[in-house]
Amino acid sequence: MERSFHYYGTYCAALLAGHSHEESLEICYSAFLVDKCSKAFLARIGGPTAAATTQLPAEMASARTDPIGLADITRIWASFHFLPHDLHAEVSKGGKRYRNKYRMICGPNGDLLTDTINLAQGKGAQATGLALHVLADTWAHRYFAGTPSFVINNTNRFFVELVPAEGRGFVERPVKFKHSPTAPDDLDAGVYTNTIYQPSEDAVMNLGHGRAGHLPDYSFARYRYVPAWNNYEEVFKDNPAEYYQAFAQMVYALKCLRGENGPFRLNTYDTEAVAPHERLIRRILEKRQPDTGAIEDWRAFGRSLSGRDIIDFDLDTYVPEYLDAPDDTKDKTYLGKFILAALAQKGMVVNRVWSSGNPLAGRSIDYNEKGFAGIKDFLPLVEYLGGGHGRE
Amino acid sequence: MANVILSLLMIVGGVALLLSPQEALFVVALALGFYFVAYGLHTLVYYLTMARHMTGGLTLLFIAVISIDIGSLVLAFSSKPHASLMLYLVGYNMFTGVLAIARARESKALESRWKASLARGIVNVALGVACLVFIGSDQIVTAIFCFGLFYNAGVRLARSLRPTEIIYIP
């Protein structure tokens, strides 16, 4: 998903869930910050780089693909952008290594989503926005894994887009992929940029939906393709329909986090709150346009809901507050709280992956069993998550 | 940094080859043979344990078998390094040449830049043909191999010294 949905769409969802304009802005800022909080950004503000929620191109270019490097990549992408759907999925083929990769495939309504929402409970707008980003991406990034894997994430030439045709429903059009990172996608001609074919299991080109380009991120996209992991059977992805479900689930999750709906349950959607706006939302989601166009549509929808304008996302908005805060109160600032939420989410996901017997996200140490023996950046979590009873 | 060191080693190797062709050729043939066999075995294990379960994974088996074949052939002829080197040069240049021409065609179809790729493909194919035509000449085969070494070292060096763009999909 892109800025339009993560920032402006989240703003609208927060309003529909009953948040004020100001609260909604704080939530949607955090939701989109997940796509911007790189190690480079954290290094600039003097924050802990372990809290990175994304990797920039240069960081990816220099990323190592040895087990430690792979774990670092997987921690970031699986925790925030490709939440694994089922860490204990039955895999009838391949060995342990294949099984571990297969179990990292992202999808909506997995147990880890419940953990993600529960983790954000009572932790403020930053944790809420972060959790909503993760939730939304489980729909957009479905069928891809947040770890480099040729055998899971590769695509082949059977990739067809369903394009609306006037009066005729849809026409199928083969998707053309190119590898020029500077050229924009050509939505009219159906030409999209993807990563280069690299038949190497751990190449970063095979991370997430790189081989399918940005197609999964476009709300209007409907496509059929043959995933590498699916025994030569194709899957159909209907983004407008799934993004609508994502939106309704976001409103539901927001109400749970506000304490209105009881504990978060999977496969539950607040269609009632969204129904009065269904036609408009579906029209935005289905419109074939670049992200800039979608931003304007979501912005207009948000304005119609709150009567207020949505200020544009600026990465530096909360930086002065963080930099000016004394060391002992940095955790109380907006960015400080976001960093804690990110560390908590990463720690939780890595723990679940590790506990399932899967080493791809690296080692997780249970504080309650062994005390604090990990990366020191995670130490503030002891207080943030309620203290625990680990051995010091 | 690793690319810079490798580039410099390639240049040094090329110069050594030109100065002392017989001894250097033998070492090069051995190294090539072992490299291809090791790469092929690694790919074969990867195919058996992972890639055979994926769509299109059979390609990996072909790559593995071809690599092992080439490596074995090169090692079998390592006492006659000239023959090994010739085989490698013909195979490498023909393969990369055809690949570059195919890429040029693909790029042209997408109205992207294609001329440089086509030119590179034609040069590679021409070098492959030259190896076959001058099969009996040690000097020409050695010169073509050294040309390839210097060219690749130059490209590698240039690539390692400029910013690298890769596609990032958040």
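**View 1. Where chain B meets chain A.** In this predicted model, 32 residues of chain A are in contact with 21 residues of chain B, a contact being a pair whose C-beta atoms, placed from the backbone, lie within 7 Å. On the chain B side, α2 (21-49) and α3 (58-76) each supply at least two residues, and α3(B) gives the largest share, three residues. Helices here are DSSP runs (H or I, at least four residues), numbered from the N terminus. By class, that side of chain B has 12 nonpolar, eight polar and one charged residue; Ala, Val, Leu, Ile, Met, Phe, Trp, Tyr, Cys and Pro count as nonpolar, Asp, Glu, Lys and Arg as charged, and the others, Gly among them, as polar.

**View 2. A look along α2(B).** With 29 residues, α2(B) reaches 42 Å from its first C-alpha to its last, close to the 42 Å expected at 1.5 Å a residue (1.5 Å times one less than the number of residues). Its buried residues include B:Leu25, B:Leu32, B:Phe36, B:Tyr46 and B:Tyr47, where buried means 20 or more other C-beta atoms within 10 Å of the residue's own, placed from the backbone.

**View 3. The two domains of chain A.** Domain 1 covers 3-149 + 240-384 and domain 2 covers 151-237, with bounds from an automatic or database assignment. Their C-alpha centres lie 24 Å apart, and 29 residues of domain 1 are in contact with 19 of domain 2. The side of domain 1 that touches domain 2 draws two or more residues from each of α5 (67-80), α6 (96-102), α10 (239-257) and α12 (278-286) of chain A.

**Notes.** Residues are numbered from 1 along each chain as its sequence is written, and chains are lettered from A and ligands numbered from 1 in the order in which they are written. Local features need pLDDT of at least 70 and side-chain atom pairs count only at pLDDT 80 or more, while totals for chains, interfaces and linings use all residues.

How values were computed
Two residues are in contact if their C-beta atoms, placed from the backbone, lie within 7 Å. A residue is buried if 20 or more other C-beta atoms lie within 10 Å of its own, exposed if 12 or fewer, and partly exposed in between; C-beta atoms are placed from the backbone.
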